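I am opening a notebook on a structure that is new to me, and I want to look things up in it one place after another. The structure comes before the entries.

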Amino acid sequence: MSATASYSVAIVGGTGGLGIHISRAFLTDLKPNFHTARVLTRDPSSATAQDLAAKGAELHKLDESDLPRTLDEAFKGVDVIVNVLAGQGPTEVKQAILQAAARSDVKVYFLNEFGSDHKINDFPGYEHPGWLEKQEIAAETRKLLSGRKVIALYPSLFLEFATTVMGIDLEKNTYLCYGSSKQKLSVTAREDIGRAVARLAILALAPDTASKVPDEVRIAGATTTYEEIRDTMARVKGVPKAEITVKDLTQLKDSIRQDPGKNFFDYLNVVVGEGKADFSLANANDLVNPGETYWKWKTVEDHVRGL
């Protein structure tokens with residue numbers, strides 16, 4: 001791969017909770033490889049957007065009153081499109097992004113995934129509607145962008161998310177899980193997801209590595225258990241080693257079956273409890289960041305020390 005290769009990228013939703021980290025990766029660590037980084041945001045005047053502009057981002061207002069023109073201008077001539085717009089957005093916006101990508105000459109497109117690998121879920125007949133929509137959009141995208149690289153990146157749970165709302169409250173030193181406190185789960189920090197997206201973009205564009213990039217990519221910044229998180233908190237912060245409340249996994253899954261589609265966190269707790277958030281044995285870490293050559297994956301201990 002040529003060290004001097006330089007490309008262009010458009011990041012839809014590039015100032016959001018995850019989008020900001022993806023934008024920063026293209027504008028800092030991988031800036032030598034991307035001469036243009038266009039960030040689409042609803043508010044280019046925000047402090048976050050202006051900080052990205054100071055780093056060299058080309059800001060584009062996501063004008064929902066004139067989406068075709070807005071998106072066509074932002075996607076013109078770009079090599080990569082990263083769709084990280086909030087998943088709960090209007091259907092017409094999601095479709096407009098897809099249609100504009102199809103009209104463009106983009107070579108690599110990242111689906112708005114960036115979570116658990118929902119294809120391996122076991123909720124027959126009562127899958128969460130958000131995941132079903134993602135599957136439908138993915139199939140439509142691959143059809144419309146046939147012949148071009150479409151990537152789904154699954155980092156499992158966000159490290160920051162897993163240690164705040166998944167039954168864990170590090171500030172209060174309380175822990176609750178379903179099934180077993182020894183069940184492994186993989187977590188990836190948002191800044192590492194950003195770096196992984198940028199690295200995959202380069203790999204997918206470079207002629208000598210493009211064929212090595214699969215359509216679906218799992219990464220695992222760290223793999224841990226509820227017990228290990230509890231023990232890390234006790235060791236690093238000097239707090240008592242708390243008891244972990246373990247609830248019945250089968251009962252939780254039955255409650256979802258009886259009233260499906262309501263609580264997304266209940267679904268995630270089942271995914272974790274059934275081991276489907278453990279990517280430790282099947283991931284592309286060595287493809288994206290071989291031997292941690294490009295960066296050190298953020299660990300649970302790193303996160304705890306930063307609290």
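The entries below follow what I looked up, from helices and a sheet to single residues and salt bridges.

**Entry 1: the kind of model.** Before anything else I note that this is a predicted model, and I keep that in mind for each entry that follows.

**Entry 2: two helices side by side.** I looked up helix H1 (residues 19-27) and helix H2 (residues 47-54), and I found that their axes come within 10 Å and cross at roughly 10°. Because angles under 35 degrees count as roughly parallel, I write down H1 as roughly parallel to H2. I then asked which residues make the contact. On the side of H1 they are Ile20, Ser23, Arg24 and Leu27, and on the side of H2 they are Thr48, Asp51 and Leu52. Sorted by class, the contact of H1 with H2 has 3 nonpolar, 2 polar and 2 charged residues.

**Entry 3: a histidine in H1.** Staying with helix H1, I looked up His21, which lies in that helix. Is His21 buried or exposed? His21 has 17% relative accessibility and counts as buried, because the cut-off for buried is under 20%. Leaving aside residues up to four places away in sequence, I find that His21 touches Arg190, Glu191 and Gly194.

**Entry 4: Arg190 and its partner.** Arg190, one of the residues that His21 touches, also forms a salt bridge with Glu160, and the closest N and O atoms of the two are 3.7 Å apart. This pair links distant parts of the chain, with Arg190 in helix H7 (residues 190-205) and Glu160 in helix H6 (residues 159-162), 30 residues apart. Arg190 is partly exposed, with a relative accessible area of 26%, whereas Glu160 is buried at 18%.

**Entry 5: other salt bridges.** Another salt bridge joins the side chains of Lys276 and Glu274, at 3.4 Å from N to O, and Glu274 is partly exposed, with a relative accessible area of 26%.

Entry 6: I looked up an open sheet of 3 strands, which stand in the order E8-E9-E13 with mixed pairing. Strand E8 (168-169) and strand E13 (244-247) are at the edges, and each has a single partner strand, so one side of each is left without a neighbour in the sheet. Between strand E9 (residues 174-178) and E13, which run parallel, I count 4 bridges, and Tyr178 stands opposite Lys247 in E13. Helix H8 (residues 226-237) packs on the sheet and touches E8, E9 and E13, with its direction making about 175° with that of E9.

**Entry 7: two residues with positive phi.** Phe114 is not a glycine, and yet its phi is positive, about 60°. I located Phe114 in the loop between strand E5 (108-110) and H5, where Phe114 is buried, with a relative accessible area of 4%. Ser156, again not a glycine, has a positive phi of about 65°, and its place is in the loop between strand E6 (149-154) and strand E7 (157-158). With 2% relative accessibility, Ser156 counts as buried.

**Entry 8: a lysine in H5.** Last I looked up Lys143, which is found in helix H5 (residues 129-144). Lys143 is exposed, with a relative accessible area of 69%. How many residues apart in sequence are Lys143 and Lys237, and how many Å apart in space? They are 94 residues apart in sequence and 51 Å apart in space, taken from C-alpha to C-alpha.

Conventions. Residues numbered from 1 in each chain as written. Predicted model: local features only at pLDDT ≥ 70, side-chain atom pairs only at ≥ 80, totals over all residues. Heavy atoms only, no water. Buried < 20%, exposed > 50% of the residue type's maximum accessible area, 1.4 Å probe, protein only. Pairing = 2+ DSSP bridges. Contact = heavy atoms within 4.5 Å. Axes fitted to C-alpha atoms, helices over the stretch in contact; angles between N-to-C directions. Parallel < 35°, antiparallel > 145°, perpendicular 65-115°, else oblique. Nonpolar A, V, L, I, M, F, W, Y, C, P; charged D, E, K, R; others polar. Salt bridge = Lys/Arg side-chain N within 4 Å of Asp/Glu carboxyl O.
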